[in-house]
Amino acid sequence: MANLTKDAGREARQAFGFWRANRFLLLRRLTQLAIVAMFVLSPVFKFWLLKGNYSSSLFLNHLPMTDPLIAAESLATGYWPNATSLLGAGIVASCYALLGSRMFCGWVCPMNLVTDLASYLRRKFGFRQSAKLPKNTRYFLLSVVLVGSALTGSLLWEWINPVSALGRGIIFGNLAGLWLVGTVFLLDLCVIEHGFCGHLCPMGAMYGVIGAKGLLRVKVRDRAQCTQCMDCYHVCPEPQVLRSVLQGKNGEPLRILSPDCMSCGRCVDVCAARVFVWTHRFNTKGEEK
């Protein structure tokens, strides 16, 4: 029997305790806040763990890291980025291509803190879905951003990128773009559930493409274990990725292979039946016909 949306994860907490029912959520928060701390505290202690911002930075003042979407936009405009920026984009893209789909979105992106808060409030106050958009909208917007950058000769997405705006606000105290962050929060809270990350963000689309063949995956141990409590659907930022692994036929993949998955691990956390487990994309045990 399905649980109430606001009670998602309660059975897991009762069965396994707070840590095991929230461990991946807490680890994600620790990772996100640690990255913020490295940006903010490095100049204070004069030791540059991370120097720059979420668009372009240096790790330990030497290893470049560049947002792949910015690099792609720059190439689309016809302006060739410098060698350091290209190397940084290659390093970032290679890491996420190896790890898994959209791990930047779930484990690094500061906007995830904002959109997760909106999602939590929706569940607790019982806000119903009030609008819908096709799930492939973000891929359409990614195309628009790249084509628009080519036509305008500018980094089109950076004019309205709430991720960059929030990063500048946190790291440099620049509050001018925080209205974008507030707009995303209200969109997710009042208009479209998981609206920004789940429907609109072209950065998410880019990382989905990059990590489509990544190694780390969530897998269903056994569909018969599922009690249909719906807790995983309630907390998942991309609940459509759960349908095939939970409701598919015998022999169909038990691994979540969709590039839309944010690799956040919340389904693993909240499942009291322990249906989900972290594994790798080549683990096909139980899927043989």
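Leu49 lies in the loop that runs between H2 and strand E1 (50–52). The model is a predicted one. With a relative accessible area of 28%, Leu49 is partly exposed, because that class covers values between the 20% limit for buried and the 50% limit for exposed.

Setting aside residues up to four places away in sequence, Leu49 touches Met38, Ser42, Leu58, Phe59 and Leu60. Cys201 is 152 residues away from Leu49 along the chain, and the C-alpha atoms of these two residues are 28 Å apart.

## Nonpolar surface patch

Two of the residues that Leu49 touches, Phe59 and Leu60, belong to a nonpolar patch on the surface.

Helix H2 (residues 18–45) supplies the largest share of the patch, 4 residues. Phe45 is located in helix H2. Its relative accessibility is 61%, so Phe45 counts as exposed; the cut-off for that class is over 50%.

## Nonpolar core

The largest nonpolar core holds 51 residues, and the members that touch the most others are Tyr96, Met111, Met203, Leu242, Leu246 and Phe276. Helix H11 (residues 202–210) provides the largest share of this core, 5 residues.

Apart from neighbours within four places in sequence, Tyr96 is in contact with Met103, Phe104, Val108, Tyr207, Ile210 and Gly211.

## Helix H13

Helix H13 spans residues 240–247, and its buried residues are Gln240, Val241, Leu242, Val245 and Leu246. Leu242 and Leu246 are also among the core residues that touch the most other members.

## The chain as a whole

The chain contains 14 helices and 5 strands. Its radius of gyration is 19 Å, close to the 19 Å given by the globule rule for 289 residues, so the chain is as compact as a globular protein of that length. The C-alpha trace spans about 55 × 40 × 40 Å along its principal axes.

Of the 289 residues, 48% count as buried. Among contacts with a separation of 6 or more, 72% are between residues 24 or more positions apart. The chain exposes about 14,200 Å², and carbon and sulfur atoms supply 67% of that area.

Definitions and conventions:
Residues numbered from 1 in each chain as written. Predicted model: local features only at pLDDT ≥ 70, side-chain atom pairs only at ≥ 80, totals over all residues. Heavy atoms only, no water. Buried < 20%, exposed > 50% of the residue type's maximum accessible area, 1.4 Å probe, protein only. Helix = DSSP H or I, 4+ residues; strand = E, 2+ residues; numbered from the N terminus. Patch = residues over 30% accessible without salt bridge, like charges linked within 9 Å, V, L, I, M, F, W, Y side chains within 5 Å. Areas by Shrake-Rupley, 256 points an atom, 1.4 Å probe, with all protein chains shown as cover. Salt bridge = Lys/Arg side-chain N within 4 Å of Asp/Glu carboxyl O. Core = buried A, V, L, I, M, F, W, Y, C linked by side-chain atoms within 4.5 Å. Contact = heavy atoms within 4.5 Å. Rg over C-alpha atoms; globule rule 2.2 N^0.38 Å.
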